[in-house]
Structure formats: structure tokens, C-alpha cells
Amino acid sequence: MINIPKGTKDVLPNQSCKWQFIEKSARETAEIFNIKEVRTPVFEHTELFLRGVGETTDVVNKEMYTFEDKGGRSITLKPEGTAGAVRLFIENGLASTPMPLKTYYITPCFRYERPQAGRLREFHQFGVEVFGAKSAETDAEVIFAASTFLNKLGIKKTELQINSIGCRICRAEYNKALKEYFRPHLAEMCETCRSRFDKNPLRMLDCKEEKCKKITADAPKILDFLCEDCNTHFEKVKSLLSANKVPYVVNSGIVRGLDYYTKTVFEFVSTDIGAQGAVCAGGRYDNLVEELGGPSLPAIGFAAGIERLMLLMENTGVSFPDGQKPLIYVAGMDDATRAKAFEIVARLRANGVNAEADLMERSVKAQFKYADKLGAQYVAVIGGNELISGEANIKNMTEGTQTAVKFGEIYSYLKCRQSF
Ligand code: HAM
């Protein structure tokens, strides 16, 4: 017996309806915000993530599934969706199409992390990336899209936390202040923090080691260093959120784990799923398109982890719609009546009805039992008498009533009672 790799999960037949519900809600959200789907390969050249996600991030340093292919190229399974979406945008010349360009994806992602509740090595993201618009309204719209998606799922108990991490100009000032603050503490900090000190001190704020967290708690706050442009932008985003009744809190501790962010960053956080509380997160990344070889063009997006959303919904008792069930099960008794049942079912399916017949050569009693287990709403039995009369006896399984319906009229009978 070969087991599933650590940190991955199967989706079983009785669970797939949950996935379909979340994916459907994602697509419906995209539809009303006029966001179009893009699909990128599961693997990309490693270089894309080194330059895109950033060499000082945990994702790139420790977590990537990188390998050499048979042609000697360094290939990486995508650890997130943004870098691939930006590559697609640049490579296909989409910057010359009318802006903004709003895109979304639903994709598997791969990170070699220590698995725990809500943290997997293969997980799935619904992500949105909006290219070409620098206005604060764009930030607000992207956040509304995320919150609309969560609302559609029936998720109520998350907190929207927002922050601004500034642009190149204010970040330079902030980095200087951070270095001044951290320098006397460096000896007490972990090796990773020490290595980040020169290259990217902002990343030190993201360290999960207790001894470092104590030191970073009193570090200077980025919000005190924002330039006028970034400050005005952040104020406007906040007022748009308030005006549209999207509750938020400002958390100056959010710096995000990926290097491409500028200005607005945000996370929808839950306290109901353990340590990995961010179910949906994102922010602006105004330099990334240019850094990856495209034109200088702003962008912003978010991604929500599907497994984390599912865990949150399960833990907080949010209900999922039922999975698919046959509307009708048509039972036969012998060769001739089974053949008729098969024919009726084929005709119903051709009309788009979920209909089932026996494939297991069961007795009529056992077929009834099976139909009940499947959750069929109606069961029709075809016996010798029915073959002669040309009518099936249709039993409504919830009401217990029975009606004789001509074989040729079963579809109209069901249609009158159902909306399908
Ligand atoms: P991220 O915060 O790294 O951002 O991931 C986004 C979401 O993916 C998280 O909030 C979480 O729900 C889910 N996630 C991340 N890692 C795991 C894991 N190991 N297991 C399960 N779920 C996980 C990004 O990936 C950015 N690309 C988001 C973005 C899009 N920013 C701008 N555009």
C-alpha cells in the first residue's frame, strides 16, 4: 500500500460538493465584479519566483518544490499564483489591452511547509489580480471582492486587518529606522533575522521565533514613515471601506510573507482555525510587473486558501449545499423490465435529469434501499404489469404518495414538480 504524500489531501466523492460550492462561489464573485479567468502552468522557471516572490522570503528560501527537468532547466511548482499571473500578463502583451485588466484563477499551489491544521504542502487558492489601476478605489474594490466571496460562502466570523507598507521612497526611510532599531539586538536574534538585516529588514518583522517576536514588538511602525502619497492613499482606502460598511481594523504588524507588496496590504483573519488564521490575504504590488520585465504598471490582488476556508466553515458550522442526488431512480425486476428502466433513464438523462437505474442486478427491495441511500426523490418501479399498461408507478420518497405515469410522460411529470 502506497500512502498519500505528507501534507496533501484527497477529495472524496462525498466531500467534492464542498469544493464545488467554494469554486462556484468564487466564479460567481468574479462574474459580478467582471473579473476574467486566467490559467497558468502548475510549474514555471524557478527564476520567476526568485525574482517575483523574493529571495529573502521563507517561501523562496525554504519552501519551494524545485527540481531540474530532463533538459537541465530549474523548474519550480508554483508556491502562489501572483508571479505566474504577472508573467502571463507581460508575456501575452496584455498591458496594451484596455486597463484595468481584472483576472482571477483557481489553482493548486505547493509549499514545503510543516503540515498542520490549515497548512498543507499542496493547497488551492482562489486568487484575483487587477492590473493597471493605481486608485484607492481599486484597493477598495479588490477588498470588496474578497469580502463578497466570504459572504457568499456564509463566512461571517473573520476580521479584516489592513495596513500600508509604503512605496520605495518611504520604505527606504523605514528600512533605515528598522536597522537602527535592530542593530543593538542583532546578537539575540535568530540566524534568519541576522541574514535579513542587510538584505531586507522588513522581513525581520515576519519572524515567528519567540525571542525575535519579543524584540520586533517594539520596532518602529511603518505607518509612522509613510510618505504623503502613500498616506493619502491609505486614508482614502480606509474611508472607502467605512463608507461602504466593510468593517476593518488597522494592524501595523501586517507586512506579508512575500516581497512584492507596496502600499495597501490586508488579511481576513479567523480565530476559529488555530494558528493559521489568515484565510484570505493580499495587497498592492506596484513594482512587480516592471521588476519581471513588463511596463511600469500598478497592480493589486488577493488569494484565499480553499482548504482553510473549508476548515473555517466546518469549524463554525457554516452549512454547505447538498451534493448531487438522483431526482429519480427507475427500478426493474427482470431482463425485460430492466431494459425498459434503462431506456426511461436514458431518455430522462438526455433531457438533463439526474436519473439512475440498477447496475448491480439487485432485487427490487434492495434497489429501493439503494435509491433511498442515494437520496433519490422519486422511485419508479417497472414490473410486468407496468410493461403491459405502459405506465410506471412513481413513488415520492418524502411524501410516500404514488402516481401512475405513462412512460412517455415521466419527464413532464417530474418537470411539473421540480425546477431543473
Ligand atoms: P499568501 O498569504 O502567501 O499570499 O497566501 C494566500 C492564502 O493562501 C493564505 O491566506 C492561506 O489561506 C492560503 N495558504 C497559504 N499557504 C498555505 C498552506 N501552506 N496551506 C494551506 N493554505 C495556504 C499569496 O499567495 C499571494 N499570492 C496573495 C496575493 C495575490 N497577493 C496579491 N495577489
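Helices (H or I, at least four residues) and strands (E, at least two) are DSSP runs, numbered from the N terminus. The model is predicted: local features need pLDDT of at least 70, side-chain atom pairs count only at pLDDT 80 or more, and totals for chains, interfaces and linings use all residues. Residues are numbered from 1 along each chain as its sequence is written, and side-chain values use heavy atoms, with hydrogens and water left out.

**Exercise 1.** Determine which helices each supply at least two residues of the lining of the second largest pocket, and describe that lining.

*Solution.* On a 1 Å grid over the protein atoms alone, a pocket is an open set of points with protein on both sides within 12 Å along at least five of seven lines, whereas a cavity is a set where a 1.4 Å probe fits but cannot get out; lining residues have an atom within 4 Å of a point. Grid points are joined across faces, edges and corners, and a volume is the space filled by probe spheres set on the points.

Step 1: identify the helices. They are H2 (46-52) and H6 (168-182).

Step 2: describe the pocket. Its volume is about 360 Å³. The lining comprises 22 residues, and Arg-171, Asn-200, Asp-259, Tyr-260 and Glu-291 lie nearest the centre.

Step 3: sort the lining by class. Ala, Val, Leu, Ile, Met, Phe, Trp, Tyr, Cys and Pro count as nonpolar, Asp, Glu, Lys and Arg as charged, and the others, Gly among them, as polar. The second largest pocket has eight nonpolar, seven polar and seven charged lining residues.

**Exercise 2.** State which residues line the largest cavity.

*Solution.* Step 1: the structure holds one cavity of 30 Å³ or more, and about 30 Å³ of space lies in the largest cavity.

Step 1: its lining consists of Lys-9, Val-11, Trp-19, Glu-122, His-124 and Glu-307. By class, these are two nonpolar, one polar and three charged residues.

**Exercise 3.** Explain why the pair formed by Tyr-329 and Tyr-370 is classed as it is.

*Solution.* Step 1: rings of Phe, Tyr and Trp (its six-membered ring) pair if their centres lie within 6.5 Å; planes under 30 degrees apart count as stacked, over 60 as edge-to-face and the rest as tilted. The whole structure contains 13 aromatic pairs.

Step 1: the centres of Tyr-329 and Tyr-370 are 6.2 Å apart and the planes stand at 80°, so the pair is edge-to-face. Because Tyr-329 belongs to strand E12 (residues 328-331) and Tyr-370 to helix H13 (residues 364-374), the pair ties together parts 41 residues apart in sequence.

Step 2: Tyr-329 is buried at 0%, whereas Tyr-370 is partly exposed at 29%.

**Exercise 4.** Is strand E7 (residues 159-164) largely enclosed or open, and with which strands does E7 pair?

*Solution.* Step 1: five of the six residues of E7 are buried, so the strand is largely enclosed by the rest of the structure.

Step 1: two strands pair if DSSP finds at least two bridges between them. E7 and strand E9 (residues 262-269) are antiparallel, with six bridges; Gln-161 has Glu-267 of E9 as its bridge partner.

Step 2: E7 and strand E8 (residues 249-250) run parallel and are joined by two bridges. Here Ile-162 is partnered by Val-250 of E8.

Technical notes: Buried < 20%, exposed > 50% of the residue type's maximum accessible area, 1.4 Å probe, protein only.
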